[in-house]
Amino acid sequence: MIVAPSILSADFGCLGESIAMLESGGADWIHCDVMDGVFVPNISFGFPVISAVGKLTRKPLDVHLMIVNPEQYVGRVRDCGAMMMNVHYEACTHLHRTVQSIHAAGMKAGVTLNPATPVAMLQDIIADIDMVLLMSVNPGFGGQSFIQHTIKKIEQTRALIAESGSKALIEVDGGINRSTGALCAQAGADILVAGNSIFSSADPHAEISFLKNL
Ligand code: DX5
Ligand code: ZN
């Protein structure tokens with residue numbers, strides 16, 4: 001299992017220490033949650049922070065844009081050193097064009113689905129993307145409870161990938177802990193994002209290694 005801790009739950013007063021802790025604990029990717037206060041009812045951080053994170057680690061940056069008009073920022077995200085740029089299906093009028101421009105910028109392209117968006121909406125884009133990011137909470141906040149219906153969506157995404165011949169990975173984001181992580185792994189997830197369960201733990205390294213071994 002690939003584990004991508006979300007720094008949304010980190011202490012931003014000592015981000016360097018948090019990143020070092022994630023690295024020494026075996027984190028595979030660093031998940032950066034960007035919120036604009038329009039697409040989601042919260043504001044988190046933007047390019048200066050992502051760019052600073054990129055300088056603090058050699059781990060791939062998995063950037064999750066919870067913003068409207070994400071296509072306007074492809075170049076800025078690339079300049080921050082992102083490996084993966086995730087845009088929301090619900091935020092893109094011309095999703096295919098956005099995916100093309102992410103690829104042209106040299107990044108991998110992820111498409112994110114909110115909990116109420118059916119997996120079937122990916123049918124005509126699945127062959128062109130590198131990752132499907134399934135939201136297992138309504139985006140906007142860390143520390144929410146996992147929506148159980150996501151398990152069914154992981155299975156549906158797995159089937160869609162198989163029938164289309166796509167090489168897309170499946171990432172699940174929101175409310176991931178030991179028990180929900182195990183259910184996602186069983187259903188076919190490739191990558192787990194976890195914020196609260198790692199950062200609120202007395203032993204964050206133990207949480208990371210538990211998820212990695214699923
Ligand atoms: C939700 C974000 C998630 C979230 C994960 O809007 O996209 O990445 O912060 O945090 P936990 O693991 O706390 O649900
Ligand atoms: Zn996220």
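Buried means under 20% relative accessible area, exposed over 50%, and partly exposed in between, with a 1.4 Å probe and protein chains only. By that cut-off His64, at a relative accessible area of 0%, is buried. His64 is also one of the residues that coordinate the zinc ion (ligand 2). The model is predicted: local features need pLDDT of at least 70, side-chain atom pairs count only at pLDDT 80 or more, and totals for chains, interfaces and linings use all residues. Residues are numbered from 1 along each chain as its sequence is written, chains are lettered from A and ligands numbered from 1 in the order in which they are written, and side-chain values use heavy atoms, with hydrogens and water left out.

**Zinc site**

- The zinc ion (ligand 2) is held by His31 (NE2), Asp33 (OD), His64 (ND1) and Asp173 (OD), at 2.0 to 2.3 Å.
- Donors are N, O and S atoms within 2.8 Å of the metal (3.2 Å for Na, K and Ca); water is not among the atoms, so sites may look incomplete.
- The site is octahedral, with angles of 68 to 169 degrees among its 6 donor atoms.
- Six donors count as octahedral if opposite donors are over 155 degrees apart and all others between 65 and 115.
- The donor residues follow the spacing H-x1-D-x30-H-x108-D in sequence.
- His64 lies in strand E3 (residues 61-66) and Asp173 in strand E7, so this pair ties together parts that are 109 residues apart in sequence.
- Asp173 counts as buried, at 8% relative accessibility.

**Sheet**

- Eight strands form an open sheet with parallel pairing, in the order E1-E8-E7-E6-E5-E4-E3-E2.
- Strands E1 (2-5) and E2 (30-35) stand at the edges with a single partner strand each, so one side of each has no neighbour in the sheet.
- Neighbouring strands are turned by 25 degrees against each other on average, direction ignored.
- Axes here are lines fitted to C-alpha atoms, and angles run from 0 to 180 degrees between N-to-C directions.
- Helices (H or I, at least four residues) and strands (E, at least two) are DSSP runs, numbered from the N terminus.
- Two strands pair if DSSP finds at least two bridges between them.

**Strand pairs**

- Right-handed means that, with the strands pointing away from the viewer, the path from the first strand over the helix to the second runs clockwise.
- E4 (residues 82-88) is joined to E5 by 5 bridges, again parallel, and His88 stands opposite Thr112 in E5.
- The E4-to-E5 crossover, through helix H4 (residues 95-104), is right-handed.
- Both strands are mostly covered: 6 of 7 residues are buried in E4, and 5 of 6 in E5 (residues 108-113).
- E5 and E6 run parallel over 4 bridges, with Leu113 partnered by Leu134 in E6.
- E6 (residues 131-135) pairs with E7 (residues 169-173) in the parallel sense over 5 bridges; here Leu134 stands opposite Val172.

**Helix H4**

- Leu95, Thr98, Val99 and Ile102 are the buried residues of H4.
- Seen down the helix axis, they fall within an arc of 100 degrees, so they line one face.
- The arc is that of the directions from the helix axis to the C-beta atoms.
- Exposed Arg97 and Ala104 sit on the face turned away from the buried side.

Technical notes
Four donors count as tetrahedral if all angles lie between 85 and 135 degrees; four count as square planar and six as octahedral if opposite donors are over 155 degrees apart and all others between 65 and 115; anything else is irregular.
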